[in-house]
Structure formats: structure tokens, C-alpha cells
Amino acid sequence: MKTKSSASAVVLQPGEGARRWFFGGGVQTWKATEEDTAGAFLLFEVEMALHKVTPMHTHPDSDETLYILAGEILMNMDGTEHVVAAGGVTIAPRGVPHAFKVLQEGTRVLCLHTPGGAQAFYFGASEPLDDGEGTGIVDFDRIRESGQLNGGIEIVGPPPFPAG
């Protein structure tokens, strides 16, 4: 993907932005793309279902910041677990293994990748949602495949949380 040499001005109202179903579970609303920011960052909001989990993974070329807008997650950061509620933040520097589990219905997270190099992964691991369209199928094989094809993520293990 080719990025522009200068950033674009972006103004979005609540609920605005391209909506995508992420195959790991969740509806993403893209707020600022690599193209918008000349590669500086990628920013999207994601609404996730109760009990959604991620595999243990790293982002080799970007730092991932999660700001919890609503709800609560259990974050496993480099082997240590932390409950993070609305208003809390996690920062996983590039290369640090992490995973999380959604603990409350209605959990919404603002996700920031700096720089924006993980966008190709997220794009390849999601599909567009039309207005009014709900969710899709969770498909971790598609997640793994997008990571292998597009970079941006390395799956280093299964979810570190007990089932249930």
C-alpha cells in the first residue's frame, strides 16, 4: 500500500467511518487510515461481543494502544493479567506478546496503531458491512492468513484464558 506524503484533514461524527466485520469477532468503524495520516497511525473503534478472545500475538512493526470506551477487558500483557475498565488504556509496544478477553456486554474499544503499518492486516482480516448489517462469522484461519500475507501481526500462541 502506498501512503501519501502528507496527511489529510479528517472530521467524522459519532458513528461515521467505514464499518467492517473483523473475522476475529467485532465490528470496526475506521476513523483514520494510513492514507489519511500519511502512514503515521491507524485509528478505529471496535464493538465486541461478550467473551470474545484474541490469540496471543505481537505486532512487529507497530505499537498498539487500546482505550476502553465502554465495558471491560482482561488483558494479558507479556504473561501478566490486568482487568481494564472503561476509561482505562493499554499500550502493547511492538513485539510484546499480548491477548485480551471481553468481560462485559457492550464493550467498545478505540484502537490506535503507530505507525499505521498494520492496516493491510486488518483490511485482509475483515469485510465491509453495509448500514444496518450486523455481524459475520468468526474465522481465525482468515486472521492467520491475513497476517501471513500482509504482515502487521504474528500469532504466537492460543488465547491464554480458560474456556468459558
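Reader: Where does A38 lie?

Author: A38 lies in the loop between β2 (27-32) and β3 (42-48); strands are DSSP runs of E with at least two residues, helices are runs of H or I with at least four, and both are numbered from the N terminus. The model is predicted: local features need pLDDT of at least 70 and side-chain atom pairs pLDDT 80 or more, while totals for chains, interfaces and linings use all residues. Residues are numbered from 1 along each chain as its sequence is written, and side-chain values use heavy atoms, with hydrogens and water left out.

Reader: Why is A38 called partly exposed?

Author: The relative accessible area of A38 is 27%. Buried means under 20%, exposed over 50%, and partly exposed in between (1.4 Å probe, protein chains only). A38 is therefore partly exposed.

Reader: What is the phi of A38?

Author: A38 has a positive phi of about 55° although it is not a glycine. Most residues other than glycine have a negative phi.

Reader: Why is D78 called exposed?

Author: D78 has a relative accessible area of 53%, so it counts as exposed. D78 lies in the loop between β6 and β7, and its phi, near 55°, is positive in a residue other than glycine.

Reader: What makes β6 and β7 a pair?

Author: Two strands pair if DSSP finds at least two bridges between them. Strand β6 (residues 72-77) and strand β7 (residues 80-85) have six bridges, in the antiparallel sense. I73 stands opposite V84 in β7, and the two strands form a hairpin with two residues between them.

Reader: Which residues form the negative surface patch?

Author: The patch is formed by E127, D130, D131 and E133. Patches are made of residues with over 30% relative accessible area and no salt bridge, like charges being joined within 9 Å and nonpolar side chains (Val, Leu, Ile, Met, Phe, Trp, Tyr) within 5 Å. A salt bridge is a side-chain nitrogen of Lys or Arg within 4 Å of a carboxyl oxygen of Asp or Glu. E127, in strand β11 (residues 126-128), has 34% relative accessibility and so counts as partly exposed.

Reader: Why is R142 called partly exposed?

Author: R142 has 36% relative accessibility, and therefore counts as partly exposed. R142 lies in helix α2 (residues 140-150).

Reader: Which peptide bond is cis?

Author: The bond from T114 to P115 is cis, with omega near -10°. P115 is found in the loop between β10 (107-114) and α1 (119-124).

Note on methods
Areas by Shrake-Rupley, 256 points an atom, 1.4 Å probe, with all protein chains shown as cover. Lys, Arg positive; Asp, Glu negative; His and termini not counted. Charge placed at Lys NZ, Arg CZ, Asp CG, Glu CD.
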